[in-house]
Amino acid sequence: MSDWGKVRLHVVTGKGGTGKSTVASALALALATKGKHVLLCEVEGRQGIARMFDVDPLPYQERRLTTGLPDADGGRGIVHALHVDAESALLEYLSMYYRLGRAGRALDKFGVIEFATTIAPGVRDVLLTGKVYEAVQRNARNKGAIEYDAVVLDAPPTGRITQFLNVSNELAGLAKVGPIKSQSDTMMTLFRSPRTAVHLVTVLEEMPVQETADGIADLRSVQLPVGGIVVNQVRPQDLSAADLAAARSGELDRAALEDDLRAGGIEVVPDLVDGLLSEAADHAERRALEDSQRTLVAKMDVPSYELPRIAGGIDIGGLYELAGLLRAQGMA
């Protein structure tokens with residue numbers, strides 16, 4: 001357990017398929033306690049937030065999304081959402097810093113903006129992270145904007161997160177001076193400070209756990225602050241060690257299982273019993289793998305949190321359930 005009370009920017013990353021968008025959404029709900037405003041951002045162009053919360057596709061504009069998880073007194077904060085895309089961010093940047101409102105839109109028609117953000121991916125990342133930075137560090141240029149108590153970023157996957165956040169280094173060979181270089185250097189002061197935490201989402205499988213370890217090493221190599229590890233989609237742990245061992249070795253008591261089925265009013269047929277014993281063996285093997293990977297996660301010396309696999313997929317009720325678990329474990 002760790003105290004993330006000083007963190008304003010929670011960056012959530014993870015290998016594809018681990019559920020990082022789900023965790024980011026649940027964390028935003030957990031952080032939005034009474035009187036607090038939380039912004040949930042995405043930068044990958046997938047409209048994942050809209051699908052997660054079953055709302056219309058989000059524009060490049062901060063929108064009220066929902067209320068947070070109730071706190072001990074029943075109070076709720078407000079979760080806002082923002083879909084960030086590089087082209088809109090560049091138009092806003094040109095308008096804000098160069099007053100190229102109509103001229104900027106003309107450049108967009110000629111494809112100049114797409115050209116610029118495609119040939120210079122470092123610039124693209126500066127624009128994406130710059131909008132997130134602005135949401136955390138509000139200034140006089142954005143009068144009347146909401147001052148957020150926390151910003152949660154559904155970030156690119158683990159394999160790209162260091163490059164994505166280390167914008168100053170990525171621009172070193174592209175822009176050595178000028179406003180974009182200055183902006184990237186300013187953002188790095190936030191990204192490397194205690195006000196930022198990069199949380200990594202994994203499942204208890206070999207490749208995601210190894211990628212998590214590699215991601216932690218990469219982040220630390222460039223002085224980016226590692227937050228916690230969220231172990232997602234954990235299977236129920238309702239069988240004893242002895243039962244698991246018996247299931248793995250094929251030594252479960254078949255007669256006892258048949259008696260339990262009869263006691264539950266279920267007709268006992270050989271195929272049913274065989275299927276249950278096979279499923280028990282598979283579950284036991286999976287649990288053994290999870291236990292070995294959990295040991296590796298513990299050795300990473302990073303606060304860790306566990307979330308269960310929710311049968312039937314994630315809906316808004318499931319997000320609130322996961323938010324409650326994150327809060328109960330001290331992540332929010």
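A nonpolar core is here a set of buried Ala, Val, Leu, Ile, Met, Phe, Trp, Tyr and Cys residues joined through side-chain atoms within 4.5 Å; buried denotes under 20% relative accessible area (1.4 Å probe, protein chains only). The model is predicted: local features require pLDDT of at least 70, side-chain atom pairs count only at pLDDT 80 or more, and totals for chains, interfaces and linings use all residues. Residues are numbered from 1 along each chain as its sequence is written, and side-chain values use heavy atoms, with hydrogens and water left out.

Helices (H or I, at least four residues) and strands (E, at least two) are DSSP runs numbered from the N terminus. T129 lies in α6, residues 121-136, and is buried at a relative accessible area of 1%. Beyond its neighbours within four places in sequence, T129 is in contact (heavy atoms within 4.5 Å) with F164, V167, M187 and F191.

Strand β2 (residues 37-42) has 5 of its 6 residues buried. Strands count as paired if DSSP finds at least two bridges between them. β2 pairs in the parallel sense with β4 (residues 78-83) over 6 bridges, where V38 stands opposite V79. β2 also pairs in the parallel sense with β5 (residues 150-154), over 5 bridges; there, E42 has D154 as its bridge partner.

Definitions and conventions
Buried means under 20% relative accessible area, exposed over 50%, partly exposed in between (1.4 Å probe, protein chains only).
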